[in-house]
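Try each task before reading its solution.

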Amino acid sequence: MGPDAVPALIEVVRYDDGYQLEGFIGAARALAEIGPDAADAIPHLIRGLKFVPAREEFAETAARLRAAAAHALGEICSDTTTSRSKAS
C-alpha cells in the first residue's frame, strides 16, 4: 500500500460516532508502513490514543487500538524526522 491509500485509511481511523476497532487497528498498521507520507493521519491517530471503550468487554481491543495508533505515530513521525535530516 502506498501514499495513494492514505485518504481511504484516514476514513477508517477517523472518529465518527465511534470506532470500528479492528478496522482502525488494520488501517493504523497500514499507515505505519506508509510512514511520513501518512502525516495527514496524525490528528486522527492522536485521537485514537485517547479512546476509552464504553463497555468493559471491549477493553482489550481498545488497548490494541491505542497501541496501533501509538506505533503508527512513531513510524510516521520518526520517518519524518529522519527524512528531514537527510534532506539537510
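**Exercise 1. Find what share of the contacts between residues at least 6 apart in sequence join residues at least 24 apart.**

Solution. In this predicted model, 66% of the contacts between residues at least 6 apart join residues at least 24 apart in sequence. Next, look at the elements: the protein has 4 helices and 0 strands, and from the N terminus they run α-α-α-α. Finally, check burial: 36% of the 88 residues count as buried.

**Exercise 2. Work out which residues of helix 3 are buried, and where they lie around its axis.**

Solution. Start with helix 3, residues 42-49, where H44, L45 and G48 are buried. These residues lie on the same side of helix 3, because they cover an arc of only 100° around the axis.

**Exercise 3. Describe how helix 2 packs on helix 3.**

Solution. Two packed helices are described by the angle between their axes and the distance between the axes. Step one: helix 2 (residues 21-34) and helix 3 pack at about 135°, with axes 12 Å apart. Step two: angles over 145 degrees count as roughly antiparallel and 65 to 115 as roughly perpendicular, so helix 2 and helix 3 are oblique to each other. Step three: the crossing of helix 2 past helix 3 is left-handed.

**Exercise 4. Identify the residues with which helix 2 and helix 3 meet, and sort them by type.**

Solution. Helix 2 brings F24, A28 and L31, which meet H44, L45 and G48 of helix 3. Sorting the residues of this contact gives 4 nonpolar, 2 polar and no charged. Now look back at Exercise 2: H44, L45 and G48 are the residues listed there as buried in helix 3.

Methods:
Residues numbered from 1 in each chain as written. Predicted model: local features only at pLDDT ≥ 70, side-chain atom pairs only at ≥ 80, totals over all residues. Heavy atoms only, no water. Buried < 20%, exposed > 50% of the residue type's maximum accessible area, 1.4 Å probe, protein only. Helix = DSSP H or I, 4+ residues; strand = E, 2+ residues; numbered from the N terminus. Arc of directions from axis to C-beta. Axes fitted to C-alpha atoms, helices over the stretch in contact; angles between N-to-C directions. Parallel < 35°, antiparallel > 145°, perpendicular 65-115°, else oblique. Left-handed = near helix turned anticlockwise from the far one by under 90°. Contact = heavy atoms within 4.5 Å. Nonpolar A, V, L, I, M, F, W, Y, C, P; charged D, E, K, R; others polar.
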